[in-house]
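Q: I have a model open and want to learn to read its packing and its interface. Where do we start?

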Amino acid sequence: MAGLITLLVFLLLGQALRLMFNLPMPAAILGMVSLLVFLLVRRAIKPDSSHAPESLAKLSTALAPFLTLFLVPVSVGIMSQADVIQRYGWQLMVILAVSLVPGILVTAFVMRGIKS
Amino acid sequence: MALFSDLLNYWQTQPLFWLSITCFAFYIGQLVYQASGRNAFLPPILTAVALIISTLYLTNTSYETYMTGGQYLYLMLGPVVVVLAVPLAQHIHTMRKQLFRIILALAAGSGTTVLVAAWLTDVWLGEEIIRLSILTKSVTTPIAISVSEEIGGSASLAAGFVIVTGILAALMTPILLRAIRQDDPATLGLTLGTCGHAIGTSRALELSNQHAAYAATAMTLTGSLHAIALPLLFT
């Protein structure tokens with residue numbers, strides 16, 4: 001239960017940040033970044049503590065398998081874009097495939113090329 | 001006694017019915033994925049979406065009616081995005097010595113693929129709404145949807161581009177990196193997460209836990225970076 005409360009507090013905090021500072025980012029992202037900062041600060045203060053409170057870690061593990069399920073409804077909305085798919089379907093496939101090649105190569109070369 | 005067709009007509013007006021159909025379709029999607037030996041072309045979400053769209057066509061149901069039930073699952077995306085911070089905090093801690101080059105690599109790589117895609121769309125198709133929706137293609141879907149709405153793209157198109165990109169990246173990344181001999185676990189995992197977000201990450205999970213940790217970190221960091229940068233650049 002404490003995990004759920006923490007989650008809701010950071011979701012609401014994300015909405016509050018968005019509204020109060022007029023930020024263009026989604027509220028859930030602002031909530032996620034706030035929670036990340038909280039967890040990192042918590043660990044910096046108490047270096048021997050685990051990465052997250054137990055109830056929150058449990059909730060995170062429990063929710064993770066459902067992530068793709070929650071994406072289904074909005075993906076079904078692609079049916080309302082049938083005309084775009086009919087007109088540009090194969091061009092879009094080519095664009096998506098071709099644009100991946102430089103992305104993959106740049107990621108790998110930067111990761112390998114820079115010594116930490 | 002009411003007829004079965006009456007029951008069907010009644011169900012179609014009930015949010016719970018469409019919510020259940022979504023869960024059934026997703027479960028069938030998972031079974032198909034497992035039965036196919038985890039074929040990268042058949043992620044559960046693809047089967048689920050195809051089944052639901054077919055059902056809606058056959059029963060002559062509008063997307064709006066479907067969403068009376070679907071919206072409850074959609075609402076759950078916010079909480080799922082927030083808890084992504086938990087594994088990320090863990091991974092940032094274990095990878096803190098490499099964090100600088102990880103962030104540099106994923107920023108450069110994801111920036112390149114998105115700009116190339118947007119540029120190609122611009123010169124070839126020239127449709128503003130498609131260009132705005134393709135900008136979020138390398139971001140995990142829950143983030144892509146909300147960012148796409150933010151910058152004026154179509155959430156449904158964005159979701160479609162993200163899924164197709166994920167499938168392609170999961171297929172292309174291991175082949176391409178093996179060909180140029182850069183397929184150590186850290187580089188391959190990171191590239192899968194950067195270019196293929198959640199679908200790439202589940203591919204990494206099949207390789208090893210080390211692949212998966214880098215992929216999950218890359219996915220979440222790329223998502224956060226784009227969620228912050230795209231609205232600033234395009235609104």
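A: Start with one term: contact means heavy atoms within 4.5 Å. Keep in mind that this is a predicted model.

Q: Which residues of helix 1 of chain A meet helix 3 of chain A?
A: From helix 1 of chain A come A:Ala2, A:Gly3, A:Leu4, A:Thr6 and A:Leu7. They meet A:Ser55, A:Leu56, A:Leu59 and A:Leu63 in helix 3 of chain A. These contact residues divide into 6 nonpolar, 3 polar and no charged.

Q: How is a pair of packed helices described?
A: Two values do it: the angle between the axes and the distance between them. Here the axes of helix 1 (residues 2-20) and helix 3 (residues 54-63) of chain A come within 7 Å. They cross at roughly 80°. Angles of 65 to 115 degrees count as roughly perpendicular, so helix 1 of chain A is roughly perpendicular to helix 3 of chain A.

Q: How is the size of an interface often given?
A: As the accessible area lost when the parts come together. Chain A and chain B bury about 7,200 Å² between them. Of that, 83% is on carbon and sulfur atoms. The contact takes 65 residues from chain A and 95 residues from chain B.

Q: How many salt bridges does the rule find across the interface of chain A and chain B?
A: It finds 3. One pairs A:Arg18 with B:Glu150, with the closest N and O atoms 2.9 Å apart.

Q: Which element of chain A gives the most to the side that touches chain B?
A: Helix 5 of chain A, with 27 residues. The residues on that side of chain A divide into 49 nonpolar, 12 polar and 4 charged.

Terms used
Residues numbered from 1 in each chain as written. Chains lettered and ligands numbered in written order. Predicted model: local features only at pLDDT ≥ 70, side-chain atom pairs only at ≥ 80, totals over all residues. Heavy atoms only, no water. Axes fitted to C-alpha atoms, helices over the stretch in contact; angles between N-to-C directions. Helix = DSSP H or I, 4+ residues; strand = E, 2+ residues; numbered from the N terminus. Parallel < 35°, antiparallel > 145°, perpendicular 65-115°, else oblique. Nonpolar A, V, L, I, M, F, W, Y, C, P; charged D, E, K, R; others polar. Buried area = accessible area lost by both parts, 1.4 Å probe. Salt bridge = Lys/Arg side-chain N within 4 Å of Asp/Glu carboxyl O.
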